[in-house]
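Here's a quick briefing to read with the structure open beside you. Have a look at the chain below, then we'll walk through it topic by topic.

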Amino acid sequence: ALLTEVQAAEVLNLSIRTLQAWRTKRSGPAFVRAGRAIRYRRRDLYAWMDANTVYSTLPDIALHRRES
């Protein structure tokens, strides 16, 4: 089932305005345009979260220094 913009924002714990801004910048999760309506697939939201998961904010150089 397709999610509304409000539902997608709830899933991502973001504001609707953030989703709107991302669409104008062509970033953020994939969406479906059905006429003037914007919808999101739940699997696209999860895929976007997976692709944007960060495991460390340390640069690679700092990680290598620690291991040495």
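Leaving aside neighbours within four places in sequence, which residues is leucine 45 in contact with? The list is Leu3, Ala8, Val11, Leu12, Pro29 and Tyr40. Keep in mind that this is a predicted model.

**The chain overall**
- You'll find four helices and three strands here, and reading from the N terminus they come in the order β-α-α-β-β-α-α.
- The chain has 68 residues, and 19% of them count as buried.
- If you take the contacts with a separation of 6 or more, 42% of them come from residues 24 or more positions apart.

**The sheet**
- The three strands form an open sheet in the order E1-E3-E2, and the pairing is antiparallel.
- Strands E1 (2-3) and E2 (32-34) are the edge strands; each has a single partner strand, so one side of each has no neighbour in the sheet.
- E2 and strand E3 (residues 37-41) run antiparallel and are joined by three bridges.
- Across from valine 32 you'll see arginine 39, which belongs to E3.
- As a bit of background, strands in a sheet pair through backbone hydrogen bonds, in either a parallel or an antiparallel way.

**Helix H3 and aspartate 44**
- Helix H3 spans residues 42-51, and aspartate 44 sits in it.
- H3 packs on the sheet, where it touches E1 and E3, and its direction makes about 65° with that of E3.
- Is aspartate 44 buried or exposed? Aspartate 44 is buried, because its relative accessible area is 17% and the cut-off for buried is under 20%.
- Once residues up to four places away in sequence are set aside, aspartate 44 touches Pro29 and Ala30.
- Pro29 also turns up among the contacts of leucine 45.

**The nonpolar core**
- The largest nonpolar core has eight residues: Leu3, Ala8, Ala9, Leu12, Leu19, Ile38, Tyr40 and Leu45.
- Helix H1 (5-12) and E3 each put at least two residues into this core, and H1 gives the most, with three.
- Leu45 is a member of the core, and the contacts of leucine 45 include Leu3, Ala8, Leu12 and Tyr40, which are core members too.
- In general, nonpolar side chains in soluble globular proteins tend to be buried together.

How values were computed. Residues numbered from 1 in each chain as written. Predicted model: local features only at pLDDT ≥ 70, side-chain atom pairs only at ≥ 80, totals over all residues. Heavy atoms only, no water. Buried < 20%, exposed > 50% of the residue type's maximum accessible area, 1.4 Å probe, protein only. Contact = heavy atoms within 4.5 Å. Pairing = 2+ DSSP bridges. Axes fitted to C-alpha atoms, helices over the stretch in contact; angles between N-to-C directions. Core = buried A, V, L, I, M, F, W, Y, C linked by side-chain atoms within 4.5 Å.
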